[in-house]
Every structure is written in structure tokens, then in C-alpha cells.
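Subject: Structure handover

Hello,

Here is the structure we spoke about. Please open it alongside these notes.

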Amino acid sequence: MGLSAFHSLNTAARGLEAARAQIAITAQNTANAGTVGYTRQSAQLQALPGLHSNGLFPNATGAGQGVEVAGIGRSASELVNRQVRGAVAQTGFQQIRAETYSGIEDVLREPGDHSVSSAVTAYHSAWQDVANNPGDIGAGTALLEAASSLAGRLGADVQELKDQYAAQGNELRAEVDQVNALAGQLAVVNGAIRSTGAAGGSTNELLDSRDQIAEQLSALTGGQLRPAADGTGEFLVGGNALVSGESHHTLTAVVGSAPGEPTTVAWTHRLGTGTPASAGVDGGSLAGRLSVLSADGPLANAMQGYDDLAGSIAEGTNTVHQSGFTGSGAPGGAFFTFTGTADSLTVAITDPAQIAHAGAGQGALDGSIADAIGDLGAAVTSGWTGFVSGVGASSRGALNGLSLSVGTESSARSSQQSLASVDRDEEAVNLVTFQHAYQASARVLTAVDEMLDTLINRVGLVGR
């Protein structure tokens with residue numbers, strides 16, 4: 001009887017401890033319901049078997065020894081977390097692409113009164129006015145102003161594109177610095193996980209930090225976390241370890257000063273003295289910025305579109321203008337100066353009297369050359385419209401890609417939240433349940449105490 005009673009006391013005490021642990025974990029969950037990156041925790045209970053006696057005739061006492069808290073679990077799935085990291089990497093990539101195309105469309109301003117196409121139309125219309133009024137100083141002055149305005153419009157737009165290129169380069173450098181800082185943080189968290197786990201402590205909050213840092217790194221680099229058996233995480237970028245245990249490498253951004261020059265993200269320890277070896281960043285916002293900064297990226301293509309337009313205008317105008325004659329009979333020279341880039345386009349003449357509007361032998365009042373230059377506008381405008389349409393189509397494609405990736409990320413996060421998030425209503429129900437369990441174990445203790453009191457203090461008193 002004594003052994004059985006004290007055994008029951010031990011079982012009840014274990015029940016009290018298990019209920020107390022569940023209440024403490026519920027309090028932790030409730031307190032962190034709004035904490036970003038927190039994963040709901042739960043007590044992992046384990047039933048204890050009954051005691052067995054040793055000797056010639058071993059037997060069991062019957063009932064088990066109660067319950068113990070084997071550990072504190074996290075409601076997390078590495079598969080779902082990996083899906084989230086992949087989705088945020090894709091969103092980061094598409095976000096940069098979509099923002100870049102949006103910026104290019106802001107520069108184009110098409111259609112609009114301040115667009116390039118409007119300036120091109122005004123320029124060729126000014127040639128038509130000269131053709132209708134050969135030798136008129138007012139028409140000639142208006143032509144030179146329209147030509148200067150067109151050249152200025154092209155130069156200003158290209159400068160805006162160059163500013164966007166420089167801004168993307170600065171953002172690339174800043175994000176690489178952010179990656180290096182996060183890699184250092186992950187290495188520190190790995191060390192804390194390793195030491196805490198070795199000491200027998202709970203690493204759940206540290207694992208939350210590990211996963212949160214890994215998600216940020218994935219959004220930037222497209223890399224993935226590879227958890228180890230001890231809870232630490234190895235983070236891979238391009239198949240190589242950015243973070244391994246408590247050590248980490250760093251990345252360096254090498255940005256060209258203009259489109260066409262090499263731009264890459266390289267391992268700092270592999271820079272050497274030659275061309276930097278790429279770190280193999282294949283996702284995230286870093287890959288997005290590398291794509292828009294590349295020689296065949298949207299910014300370079302947009303600048304090339306402007307260069308092609310300026311070249312078409314300069315070559316077409318100069319070729320026809322040099323075949324004509326001014327009102328005084330002087331042969332026409334180059335109307336534009338152009339050295340290959342849109343921002344180099346300038347008007348070569350400053351005096352309306354230098355405008356060659358007449359054909360050979362047609363006299364001072366002939367406007368055939370001016371009319372021919374004015375007719376070039378249709379072909380020039382058609383080519384530019386095709387370029388603008390291409391940018392618009394690419395922009396819509398980038399926005400569609402962003403929309404799809406955002407939807408994928410939202411779905412992955414919903415799955416993650418359904419597992420990991422804290423429901424205050426559920427925790428409130430759990431709290432009542434665990435409180436009742438605690439009270440029940442306490443009642444068992446009281447009952448056993450009363451039994452022992454009767455056994456020890458009252459047996460043998462009857463009849464005295």
C-alpha cells in the first residue's frame with residue numbers, strides 16, 4: 001500500500017509539472033502572437049511505463065509512472081518554409097524587373113505632349129513649314145528651335161536612363177552589403193543554436209531567427225537554407241556555401257559604369273587580379289538587378305532605342321540636307337552633329353540662312369529638299385512606335401510575372417501561417433484545458449495525501 005500510494009504521489013506530481021509546462025508554453029505563444037517570424041510551440045508529452053521489480057519473480061506494479069515533457073516542438077515544416085523562400089526569391093526578382101520597366105515608361109512619357117514622338121512630329125512638321133515658306137526667316141528659326149528641342153529631349157531622356165542605371169548599381173551594392181550582414185548574423189545564430197542545444201536548452205526561438213534570416217537571404221540571392229541535424233543551417237548561393245556553421249563568406253558587387261561593361265556579384269575571396277568570378281546568384285532581387293544592368297537588359301535596350309532613333313534622324317536629315325542648297329545657292333552641310341549616342345545629337349547650324357531647302361538648280365524659292373526631309377517623319381515615327389510598343393509589351397510581361405509570383409508567395413505563406421501562426425482563441429481554449437489538467441493532478445495529490453493521513457495517523461484507533 002505504501003509503495004502504491006507514494007507511486008501515485010509521484011505520478012500526480014509529474015502531471016502537475018506537465019500541465020505547468022503546457023501553461024507556460026501557452027503563455028509564450030500568446031505573448032508572441034504578433035511577433036514576426038515566431039512559430040507556435042507545443043509541449044511534446046511522453047507517457048512513462050510502470051516500474052518493474054527485479055528478482056526471482058519479477059513483476060510490474062501495474063500503472064505507469066505518469067507523464068513527462070520530452071521536449072518543446074515547433075509547428076513548422078521545412079518543406080513549406082523552403083517553398084516560401086523560393087517564392088520570395090522569385091517575387092524579389094520580378095519586382096525589380098517590373099519597377100525598372102515602369103521607370104523606363106516614365107521616361108518615355110508615351111503618348112503625351114512631352115514625349116519623344118511629339119518632339120519628332122514637331123521637328124518634321126517644322127520642315128514642312130519651311131517647304132511651304134522657302135527662305136522665310138520665321139519658319140527657319142522655328143525649325144532650328146524644334147530641332148534643338150528634339151535633341152534636348154533625347155539627351156534629357158537618356159540622362160534619366162543613365163541615372164536609373166546608376167541607381168540600380170547603388171542598390172546592388174547596398175543589397176550585397178545587406179547580404180553580407182545577414183550572413184554574419186546567421187553564423188552567430190548558428191553558434192548560439194549549437195551551444196544552446198549542447199547544453200540541453202530549447203533552441204526554438206533561435207530556430208525562428210535562423211529561418212527568418214534565411215528568408216531574407218533568399219529574397220535577396222535566391223539561395224536556400226540546408227538545415228543540419230544539430231539545428232544549424234548552411235546557406236547556399238549558386239551551389240556554394242555563403243554560411244556554413246559559424247563561418248561565412250562575403251560577396252562583392254562589381255558594377256560597370258555604363259551598360260555593356262561587366263556587372264556581376266562575386267565572392268570576395270575569389271576576386272583575385274583578373275575578371276571577377278560570378279557567385280552564381282540566380283534569384284532574388286540581386287539577380288533582378290543584375291538582369292536590368294546587363295548588356296542586353298532593359299536599360300541598355302532602352303538607351304539603344306534612343307541611340308537608334310537619334311542616328312536615324314541625324315543620318316536621314318544630313319543625307320538629304322547635304323544634297324540641297326540654301327536660298328543663296330550655297331550647298332547644304334550637315335544639319336546635325338552625331339557621334340553615335342542620343343545625347344551627342346546637336347544642331348550643327350545656328351543661322352536659318354544655312355538651311356538647305358532647295359533642290360539643285362531649282363532656285364531660292366524651291367522647297368523640295370525641306371519637303372523631302374519632312375516626309376522622313378513617317379518612317380522615323382514608325383520605327384520609334386515599334387520600339388515603344390516593345391517596351392510596353394515587356395513591361396506588361398514583367399507585371400504579369402510579378403502578379404503570378406506574388407500569388408505563389410501568398411499561397412505559400414498561407415500554408416506556412418496555417419502551421420506556424422498563433423491563434424489566440426485556440427490558445428485560450430488550451431489554457432482552460434491545461435488549467436483543468438493541473439487542477440485534476442492537484443486533486444489526485446490531495447486524495448493520496450488524505451489516504452496517507454488515514455493510513456499513518458488513524459489505522460489502529462478504532463475501538464480505543
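Helix α4 (residues 137-198) lies across β3, β4, β5 (240-244) and β6. Its direction is at about 55° to β5. Helix α5 (residues 204-221) lies across β3, β4 and β5, and runs at about 0° to β4. Angles run from 0 to 180 degrees between N-to-C directions, with axes as lines fitted to C-alpha atoms, for helices over the stretch in contact. Contact means heavy atoms within 4.5 Å. Helices (H or I, at least four residues) and strands (E, at least two) are DSSP runs, numbered from the N terminus.

Before the rest, two notes on the source. This is a predicted model: local features need pLDDT of at least 70, side-chain atom pairs count only at pLDDT 80 or more, and totals for chains, interfaces and linings use all residues. Residues are numbered from 1 along each chain as its sequence is written, and side-chain values use heavy atoms, with hydrogens and water left out.

Now the sheet under those helices' names. It is open, has 4 strands in the order β3-β4-β5-β6, and pairs antiparallel. β3 (224-227) and β6 (247-248) are the edge strands; each has a single partner, so one side of each lacks a neighbour in the sheet. Two strands pair if DSSP finds at least two bridges between them. β3 and β4 (residues 233-237) are antiparallel over 4 bridges. Within that pair, L225 is opposite F235 of β4.

Next, the loop between α2 (78-108) and α3 (116-132), which holds P111. E110 and P111 are joined by a cis peptide bond, with omega about -15°. R109 is in this loop too. R109 is not a glycine, yet its phi is positive, near 55°. Its relative accessible area is 28%, so R109 is partly exposed. The cut-offs: buried is under 20% relative accessible area, exposed over 50%, partly exposed in between (1.4 Å probe, protein chains only).

R109 is also one of the residues that D157 touches, along with V107, V116 and Y306, leaving aside residues up to four places away in sequence. D157 sits in helix α4. D157 is buried, because its relative accessible area is 0%.

Last, the surface. L45, V69 and I72 make a nonpolar patch of about 200 Å². Nonpolar side chains (Val, Leu, Ile, Met, Phe, Trp, Tyr) are joined within 5 Å, like charges within 9 Å. Areas are Shrake-Rupley values with a 1.4 Å probe; for residues, only the protein chains shown count as cover. L45 belongs to strand β1 (residues 41-48). At 40% relative accessibility, L45 is partly exposed.

Best wishes

Definitions and conventions
Patches are made of residues with over 30% relative accessible area and no salt bridge: like charges are joined within 9 Å, nonpolar side chains (Val, Leu, Ile, Met, Phe, Trp, Tyr) within 5 Å. A salt bridge is a side-chain nitrogen of Lys or Arg within 4 Å of a carboxyl oxygen of Asp or Glu.
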